[in-house]
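Me: I'm new to this one. Could you show it to me and then take a few questions?
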Amino acid sequence: MLISRVWLAELLGDAVDLAPLSDGDLTAALTGLGLEVEGVTRTGAGLETVVVGEIVGVRPHPDADRLRVVDLFDGDAVRQVVCGAPNVPAPGGRVLFARPGTALPGGMVIGARAVRGVDSVGMICSETELDIGPDSSGIVVLADPIAPGTPLPDAIVGVVDTIIELSVTPNRPDALGHVGVARDLAVKLGSLWRPSPVALPEVPDDPGIVRIEAADACGRYFGITFDGASIGPSPLAARVRLHRLGLRPLSNAVDVTNLVLMQWGQPLHVFDRAELGEGRVVVRRARDGESLRTLDARDLSLAAEDLVIADASRPMALAGIMGGDHSGVASTSTTLLLEAAWFHPAGIRRSARRHGMSTDSSHRFERGVDHGDGLQGACAEAAALLQRWCGARPIAMHVAQGDRPGPVTIAFRPARCSMLLGMDVPRPDVERIFRGIGVEADASDPASWRCVAPSHRPELEREVDLIDEVVRHHGLDRLPMQASPPTAEAAGSPPEVRMRQRVTAAIVDALREQGLHEVVSLAFARPASVAATGDDPDSPGVVRLANPMRGEASLLRTHLLPGLLDALALNVARHHRPVTLFECGRVYRNAAHASGSGPTAEIDAALPDEPTRAAVLCGALPAGDPDRAAIDPRRVGAALLHALARVGARATIRVAASPMAWLHPGAQAEVVLDSGVVVGRFGRVHPQQLVAWDLPRGVEAAYGELLLEHVPDLRVPQFAAVPRFPGSSRDLSLDAAIALPVERIVSALIGAETATITSGEDPPRLVPGELGRGAVELVEDYRAQGIAEGRRALLLRMHYGCRTRSVTDTEVQQTHEAIVEAAIVQLRAQDGHLRRR
Amino acid sequence: MSDDETLAGLLHAFVEVELRGALTLDDAYACKVKYLGKKGLLTELSRTLGSLAPEQRRARGQEINEAKAAAELAYEARCAALKAEAEARELGVFEDLTWIPPTPPGTLHPVTRTRRALERVFASMGFDVVDGPHVEWARYNFDDLNIGPDHPARDMADTFFVSPPAGSRWSPGDLVLRTHTSPVQVRTMLTRRPPIRIVALGTVFRRDDDATHSPMFHQIEGLCVDERVSMADLRATLYRFVSAFFERPLEVRFRPSFFPFVEPGAEFDMQCPFCGGKGCSVCKGSGWIELGGAGMVHPAVFEACGIDPERYTGWAFGFGIDRMAMLMHQIHDLRLLFEGDVRFLEQFPC
Ligand SMILES: [Zn+2]
C-alpha cells in the first residue's frame, strides 16, 4: 500500500499538522502503529526550475519537418525552444518548461544548444520526462491558465511528495486507504480526526433498479445513476496523484474509482449503464454454465459459489473482484451507474482463489471493508468527483440491503488490560484512544466498559482486540520488563523423549568427531531418487506433495542417500577434494502405526512415520592414498561403530544378511547390536548410483547409515573388575580365502572357546586386549607374492588370561591349540582349504 | 724380545691399536676382556712371575701392575670418548617434523550449532525443548491457531499440502508440511496442563524459493502459559534470552504487528550485538536487528486447546534459526546453508 504524505496532510487538515514531522518521524510513528514501512521515496526533487511557460509563437523548423520552433514566455523572458512534440498548443497555451540547468528525474541535465542550426534553450517536457505520469506521446499541456513562471511544484500539488510504502497486516483493512491511516496517525499524534463529511447527491431513490438476490453475500449496495457524463482525461493533479501511488491514470470515471479506493479503501465500480440489460443490476450467485470475459480478457467459467453483478440476463462483473470486459465505461459512455457495495469477505476470497485472481478490489473485500459510514463516504466522494470531472449529473439513487453485520459489542475490563499487558494505561488515555479509533465506550461500569466497535474495524471482536488497540496506541515501547512469577513448576518432556534427544545429539557429536562435516539437505525428493534407493515412487508408502514447487521434487525423502549424493555431485563439480559428509535428519513414510498416547494420538496415527536417520557419505575422485583413506568404506563403518560406542552401544559388523541394492553387492556390511538388531549398514555406493547422479568416471563413494530408532538409550557404564594378573597372547597364522570374512573367523574362534573349555577352576580364557581391543585381533592381512590367487595370509593375535591367577605357558598353549583346531574344523565348511601357516 | 719389550708392546697394542680401533662400547669392552680379563694377555703376564727370582719378581710385578693400571685408564678414557661421540651422534640427527598429514576436525552445520546454543540458553531458563511432526494436520497448523479456512493470513504462509495416503479418510487439505513451529504449541497445550514453558525448534516448509527464501528452513518457537502471565513478562524473557545468548546485555523492543494466534501481537528487535546499538554494517546503522514475532496467546487458541482463557494467559514468540545462524556467522547467502559444499561446511569447526 503506497501512501502519499501530501494527501495525508491534506486529509488531516487543521486537526493534525504534519509539517513539523520529518519523513523519519512520520515513518517512526507509522511503525509504532504496526504499519510497517517498507520503503520511503521522495519525488519531485529538482523540479523547482521547471516552470509554467506560455506559448507565444510557433513556427516550422527550417530544416526538419517534425520539429517546431517555439517562442515561449517563462515568466522572465521569451525563450526560443525547438520542440519535436506533435501537440504543441497554439499561442496562449500553457506548457511545462525546464529551464537550463534543470536535472530531470531521469538524470538528464537541460542546457542550451542548437538543434539543426536553430538555437534552443531549455526543454518543453512530457509527463514521463518529469516523472509525473506515464504519457510520453507529447508534451504536457496545462488546462488551467496558470501564471507563466510558476514553478511546477507550486503549479501542481503532489509533484513534490514523500511516498511511503506500507506493509499492511491482514487485520488492518482500514489501513488500505489514506483515511484509515490518517485516523490512526491522528490518535498516535495525540489528536482526534474524522474524515470531512461528503453528502450523497440529493436525488430520488429508485430502489427497483438494484436487487440483491444473494443477501448472505452482499450486505449493502449503493447505486447511483448519472447521465450526461463525458469521458476524458482527469485533471493533471489527479493523474499525478495516481501516478505517485503506482496506478495508471485511464479516464476520469475510472480514475475516480481508483482515487476513492486509495482514499477510503473502498473498491468501486462504474458501469456504462447503457450496457446493462434493462439498465438494472442483480446481485446474485452465478448459474451453472455461465461465463464471464473479464476486463483483462480472461474467460471465466462461473460456479454457483461465485457472486456476480448481473444485468437483467447475464453477469457483468465478478462481484468485488473484477468487471466484465463490456461492463466498464468507454469513451462514448454518457450514462453511468456507480456501484459502492459491501460483499462478504469469505465469499470474495473463495472466488478469487478459485479463479486465481487477486486485484486491488478483491484484496480489500477479502479483508473486510467498511459497510457503514466509510461505504457511504466513499460513495458520496465518488459521486462528487464524477460530477466535477466528468460533468455527470446524478439522477437516481438505488439502495439495497442484504445481511449486513450488526454492531459488535465488547466488554472491556481495565483490570484485565493491566494484567495482560503488565502495565497500567491511565483511563483518560484509554478513553482517548477508543474515541480516536471510533470505538464507542460506555464506562458507566468502571470495571467493565461496554464498547461498540466501529464498522471500519471489522476485526475488533473480543476484549484482547481492544487491549491490542490500547497498547498499540499507548506504545509498545512503554511496556516494562517485569517477570510474572510462575504459579508452579512447568511440566517437562517424558524421560524417554529426552533420552532420544540425548542419543541423537551424541550420535551427531560422534560423527563430527570422526572428521565428518554435517550437511542439511532439503527434505524433498524426486521420484527418480526415491526409486534409486529401492522404493517405488508410486507406492502408497511414499509421502506425496499435492502442490510441489517444482514438478520434480514432488515427494518427501524416504532415504538420506539421494540428498547426500546431490551434495557430492555439487562438490565434485566444483572442486577436487574428498567430500566427507554426514547428515542427521528425518525420512518420511506413510504407515499405519501407533503413536503414543494422549489427545493427539488417534489423529496422529494417520500421520506418516518420520524416523530419524544418521548417514555418512564419503566420496572423491581419489588422487592418492590420503584420498583413498578418506573415502574407504571401512572408515565409514568405523565412524558408525564410534558413534554407537559414544552412546555405550556395543555392536559388531557382519556381511549383510539382506544386501541393499543401492550398495555394491560385494562391498557392504551390516552393523549389528549385541541384541541381534541390525542398527545400520555401510558399504561402497553401487557404481550405477554414481552413474545415475552423473558423477564423473572414477569417482568412488562409501555410504553408511544408522537407524536411530534402533540405537539403544544411553546407559550408565557399569564397572567390571580390571584384570590383576598378567595374561598371555598367542599368534595364529592362517591361509584363508579372501571370500571368508574375518568376522566369521573371529566369531568361530570365540565360539570355539566356549565349546572347548568345559572344566577346571578359573581356566585360561580369551579376554579382551587392552584399550578396548577384542580378544582376537587381526594383525595382518597379507595377499601378495607367494600367496595363491583368491587367498590371503592372516595373522591373528589371541589374548588369554585368568581371573584369579597368572596363566602358565603350558595351559595357554593347550587351550589355544584346542580352540584353533575346533574353529578350523568348523570354518572348513566355508573354506575347504583353510589351514594354519 | 725382552720381557720389557713384550710388556710395552702389549700395552701399546691395547691402547694405540685395539682400543683406538674400537668404535663402540661393546668393542672396547671386548678389548678390555682380551687384555685385562681373567685370561687376558696382560693378566697372563703375571703368571710368568713365579719363574723369576724374588728380587726380579717384585720389580717385574710392579711393572706389570703399572701397565695394567695404565691400560685401565686408557680403557676408561676411550669409553668416555665413545659415549660422548654416541651422544653427539644421536643429537646430531635431524628429524623433519615440519609436515604433518592434516587431520581436519569434523564440523557441525551452522544451523545445528545455533540450534544447540538456543536450546542451551532456553533450557537454562527453565524451558522444556520439544518438537513435533513435519507432516502436520492443517487443523493444528492453521485452524486451532485461529487461522480459519478463509482467513487471509493463510496467504502469509504459502503452504505445501500433502496428499493423504490412498484409501484414507482424509481429504486433500487436511495434511500440510508445517509452515511454522506453532502447531507444536497446540500439541503441547492439548497434552499438558499449565503452567507450560516450552521451546520448539525444528524444520518448517513454505512454498518459497529465491535468493532470500528456501522452501525448507528452521524456526524456534517459545510458549509460556500460566495464571497472570503478562506481556511485560514476555519482554523480560526475551531480554534475558538475547542477553544470555550474546553474553552481553541487549535491549529488546516491540513493534506492533499481527499474527492470528497472538493478540496483542508484535515483532521484536534486539539491540545489535555487534555494535551494542551504536550502528554498524550488520544492523545497517540502525543499532537494531529484527528477530521475529511475539505476542500474547490468542484466547481462541486457548479455547481450541481446551484451556480456559479467563483463568490462564500466555505468550509465544518465534524466529528463524537459519537467520540467527547467518547473523552469528555473517553468512550472506541463505542458499549456502543447504547445498552442502564442504568448503562452506568446514568453516564451522568449533
Ligand atoms: Zn550494529
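This is a predicted model: local features need pLDDT of at least 70, side-chain atom pairs count only at pLDDT 80 or more; totals for chains, interfaces and linings use all residues.

Me: Which helix holds Leu337(B)?
Reply: We're in chain B here, and the stretch in question covers residues 336–339. Leu337(B) sits in that stretch, which is helix α11.

Me: Which residue of chain A is in contact with Leu337(B), leaving aside neighbours within four places in sequence?
Reply: Contact here means heavy atoms within 4.5 Å. With neighbours within four places in sequence left out, the partners of Leu337(B) in chain B include His109(B), Pro110(B), Met326(B) and Phe344(B).

Me: How far apart in space are Leu337(B) and Arg197(B)?
Reply: Along the sequence, 140 residues separate Leu337(B) from Arg197(B). In space, going C-alpha to C-alpha, the distance is 30 Å.

Me: How many helices and how many strands does chain B have? And is it spread out or compact?
Reply: Chain B has nine strands to go with its 12 helices. For 350 residues the globule rule gives 20 Å, but the radius of gyration of chain B is 44 Å, well over that. Its C-alpha trace spans about 135 × 55 × 40 Å along the principal axes.

Me: What percentage of the residues of chain B count as buried?
Reply: To count as buried, a residue must have under 20% relative accessible area. Among the 350 residues of chain B, the share that does is 54%.

Methods
Residues are numbered from 1 along each chain as its sequence is written. Chains are lettered from A and ligands numbered from 1 in the order in which they are written. Side-chain values use heavy atoms; hydrogens and water are left out. Helices (H or I, at least four residues) and strands (E, at least two) are DSSP runs, numbered from the N terminus. The radius of gyration is taken over C-alpha atoms; the globule rule is 2.2 Å times the number of residues to the power 0.38. Buried means under 20% relative accessible area, exposed over 50%, partly exposed in between (1.4 Å probe, protein chains only).
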